[in-house]
Amino acid sequence: MAHTEIDWPATLRATDSVEQAAAVRELRDVLQTGLRVALNGRSDVSEAHLEDFTQEGVVRILARLDQFQGRSKFTTWAQAIALNVAFTELRRKRWQDVSLDALMADGERMTEPGMIADNALGADEDRMRLVAVLRQAIENDLTPKQRAAIMGELREMPFDQIVELLGTSRSAAYKMLHDARRALKQRLHEAGITGADIQNAFSL
Amino acid sequence: MKQEEERLTSGQVGSIVKMLGLTTDREFNCTECLQNVSEFAESQLAGKPVTEIIARVEQHLALCPECSEEYDALRKILQAGQ
């Protein structure tokens, strides 16, 4: 069964159950082939994982068909969702034993003296000043949850795990982190350190 | 959680500062990035001009290591299919 890129969503919604089932089977094959390429060589991924990720990917895609806007190929859009399913699960397994208490305690360590060394970015006077302003802003302008979320990210903890531990939603957690970054940036700005200064200093 | 790390490394402090440098008032979150990353990936591979949506995806990927990891995997799939 060959689909043009245009008729994937329509076929997956087909009322003809034979046609719809064939489309789902083909979507499964496309997703599994892609996942196999993307996750090739990972020792933490088995055939059973690939099956699970594919199945969950199909379910997620069918539930989100209305969100496909046709600005890319349907299969590219679908692969992105399947990859999100797979990576989210793989990250969750790696961090499943971390508790909220541990995350919050780690966040509070950001305010401890010496946690951020004066010369963390180098001994240059401007950089030491930047660190001093940043350290003060982290202590005074952020909430404990914002500090915990930032520390989680610095430890490379999955965002979904941070969201789950903080008992919030993805969008609320992202907004909380965005607000934290804006607050810190504003404090640097008030100290005469602009976004351009930062970008120049770090060759962004 | 690695409590044995007594202080943030230079790389970690640098990461915070770099994120501040990339922060803008209006940004895509991870969900919005996922909704648009397929268009971004195809545009990048085809060398198409940057639209506002593409630029926002690119900015989010620079800030978010997880979405960036998934984008790299998507790119790998697309390249394998070319």
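Me: How many salt bridges does the rule find across the interface of chain A and chain B?
Reply: This is a predicted model: local features need pLDDT of at least 70, side-chain atom pairs count only at pLDDT 80 or more, and totals for chains, interfaces and linings use all residues. Residues are numbered from 1 along each chain as its sequence is written, chains are lettered from A and ligands numbered from 1 in the order in which they are written, and side-chain values use heavy atoms, without hydrogens and water. A salt bridge is a side-chain nitrogen of Lys or Arg within 4 Å of a carboxyl oxygen of Asp or Glu. By that rule, the count across the interface of chain A and chain B is six.

Me: Which residues are linked with A:R91 in a network of salt bridges?
Reply: Start with one pair: the side chains of A:R91 and B:E69 meet at 2.9 Å, N to O. The network joins A:R91 to B:E66, B:E69 and B:E70.

Me: Which residues of chain A lose the most area to chain B?
Reply: Buried area is the accessible area (1.4 Å probe) that two parts lose on being put together, summed over both. Between chain A and chain B that is about 4600 Å², with 62% from carbon and sulfur atoms. On the side of chain A, three residues together give 14% of what is buried: A:R71, A:Y174 and A:R181.

Me: How many residues does each chain bring to the contact?
Reply: Contact means heavy atoms within 4.5 Å. The contact takes 59 residues from chain A and, from chain B, 46 residues.

Me: Are A:R109 and A:D106 buried or exposed?
Reply: These two side chains meet in a salt bridge (3.1 Å, N to O). Buried means under 20% relative accessible area, exposed over 50%, and partly exposed in between (1.4 Å probe, protein chains only). A:R109 has 7% and A:D106 has 0%. So A:R109 counts as buried, and A:D106 also counts as buried.

Me: Which helix holds both B:R56 and B:E52?
Reply: Helices here are DSSP runs (H or I, at least four residues), numbered from the N terminus. B:R56 and B:E52 form a salt bridge, with closest N and O atoms 3.1 Å apart. B:R56 is buried at 18%, whereas B:E52 is exposed at 57%. They sit four residues apart, about one turn, in chain B's helix α3 (residues 52-63).

Me: How far apart do the C-alpha centres of domain 1 and domain 2 of chain A lie?
Reply: Domain bounds come from an automatic or database domain assignment. Chain A is split into domain 1 (8-94) and domain 2 (100-202). The distance between their C-alpha centres is 35 Å.

Key. Helices (H or I, at least four residues) and strands (E, at least two) are DSSP runs, numbered from the N terminus.
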